[in-house]
Amino acid sequence: MEHTALAPMAAPRADGLHPPAAAPNMPIIQALDVVKTYDTGKVRVPALRGVSFAVGRGEMVAVMGPSGSGKTTLLNCLAGLESVDAGRIIVDGTDIATMSDRAKTDYRARNMGFVFQFYNLLPVLSAVENVELPLVVSGVKPKEARERALRALETVRLKEWQTQKPAELSGGQRQRVTIARALVNDPAIVWADEPTGDLDSETADEIIGLMQDLNRRRQQTFILVTHDAGVGARCRRTIRMRDGLIVDDGLGNVDGVRRSESLKV
Ligand SMILES: Nc1ncnc2c1ncn2[C@@H]1O[C@H](COP(=O)(O)OP(=O)(O)O)[C@@H](O)[C@H]1O
Ligand SMILES: [Mg+2]
């Protein structure tokens, strides 16, 4: 495999907001020796112990590994939801440490979609209201927000269920609403943490098929954490974690052991 050196970082724009569009062959996400330790006061838990890898635009990557190996922490750090103690995370050419909280929030709202357990549907809102929420929050006009939410629900084949509340939907339908919400802003990157965790295998299959389809048709980058080997097998690449390290980044790199090599893609 040919190795190319890391592309140089793009300078942040004066307004601190959106980085210039990255060259097509530039990774959309890069982690360089990322360290994250949780300090609970009593114990220090090393959740990420020097993680390095890169993901190219339009990839669909599974992150697998035992419970407690740092998968959720990795996603939270990459998405800028949690700070890191050392190392760098470069998203779309910008080191996220150089972005203000405001700029990060804005970048996320425009460019990222989340299918996370903690980020659940609001029970009092209908399916379409849940889906349009991220748009309404980021200031999109109600009429346009509704139109886009309905299009997103159509993508996940739930348009007829738009007025239903989460409790009136099946587990699979609820997860499809969550995916519609993650996709409503047409994000470049979609993060999913155990998106099929609570679903039967048939429904899980359908959800992953939907993600694969979107990944192919829209060139959206999907990074999904999963315990399910069947789900992992359907992603084109699998990153394996153990004890806060990547033991295989799916491209033959192992951080910790060959860290200098894994800084290259
Ligand atoms: N908020 C937190 N406070 C303290 N420890 C945490 C916190 N979140 C995660 N951890 C610890 O960090 C390690 C990695 O956790 P996590 O990223 O959730 O792993 P995974 O998603 O692979 O199960 C675990 O040992 C976990 O107990
Ligand atoms: Mg987890």
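A residue is near a molecule or strand if its C-beta atom, placed from the backbone, lies within 6 Å of it. The residues around ligand 1 in this sense are Y38, T40, V45, A47, G65, S67, G68, S69, G70, K71, T72 and T73. The model is predicted: local features need pLDDT of at least 70 and side-chain atom pairs count only at pLDDT 80 or more, while totals for chains, interfaces and linings use all residues. Residues are numbered from 1 along each chain as its sequence is written, and chains are lettered from A and ligands numbered from 1 in the order in which they are written.

**Overall make-up**

- The protein has 8 helices and 10 strands; helices (H or I, at least four residues) and strands (E, at least two) are DSSP runs, numbered from the N terminus.
- Of the 265 residues in the protein, 40% are buried. A residue is buried if 20 or more other C-beta atoms lie within 10 Å of its own, exposed if 12 or fewer, and partly exposed in between, with C-beta atoms placed from the backbone.
- Two residues are in contact if their C-beta atoms, placed from the backbone, lie within 7 Å. Among contacts with a separation of 6 or more, 70% join residues 24 or more positions apart.

**The shell around ligand 1**

- Strand β2 (44-56) and helix α1 (71-78) each supply at least two residues of this shell.
- The most comes from α1, which gives 3 residues.
- By type, the shell has 3 nonpolar, 8 polar and 1 charged residues. Here Ala, Val, Leu, Ile, Met, Phe, Trp, Tyr, Cys and Pro count as nonpolar, Asp, Glu, Lys and Arg as charged, and the others, Gly among them, as polar.

**The sheet of 4 strands**

- An open sheet is formed by 4 strands in the order β2-β1-β4-β5, with antiparallel pairing. Two strands pair if DSSP finds at least two bridges between them.
- At the edges are β2 and β5 (94-95), each pairing on one side only.
- Strands β1 (residues 27-39) and β4 (residues 86-91) are antiparallel partners over 5 bridges, and A31 stands opposite I89 in β4.
- D33 is placed in strand β1. The phi of D33 is positive, about 50°, although D33 is not a glycine. D33 counts as partly exposed because it has 17 C-beta neighbours inside 10 Å.
- D92 lies in the loop between β4 and β5. D92, also a residue other than glycine, has a positive phi near 55°. D92 counts as buried because it has 22 C-beta neighbours inside 10 Å.

- Strand β6 pairs with strand β7 (residues 189-193) in the parallel sense over 4 bridges; G113 stands opposite V190 in β7.
- The pairing of β9 (residues 237-242) with β10 is antiparallel over 3 bridges, and R240 stands opposite D248 in β10.

**The nonpolar core**

- A nonpolar core is a set of buried Ala, Val, Leu, Ile, Met, Phe, Trp, Tyr and Cys residues joined through C-beta atoms within 7 Å. The largest one has 65 residues, and those with the most contacts inside it are V61, V63, V131, L153, A180 and W191.
- Strand β2 provides the largest share of this core, 6 residues.
- Apart from neighbours within four places in sequence, V131 is in contact with A149, A152, L153, V177, A180, R181 and V184.

- R234 has its place in the loop between α7 (229-233) and β9.
- R234 is partly exposed because 16 other C-beta atoms lie within 10 Å.
- Residues up to four places away in sequence left aside, R234 touches I208 and Q212. R234 and I208 are 26 residues apart in sequence, and their C-alpha atoms are 7.8 Å apart in space.
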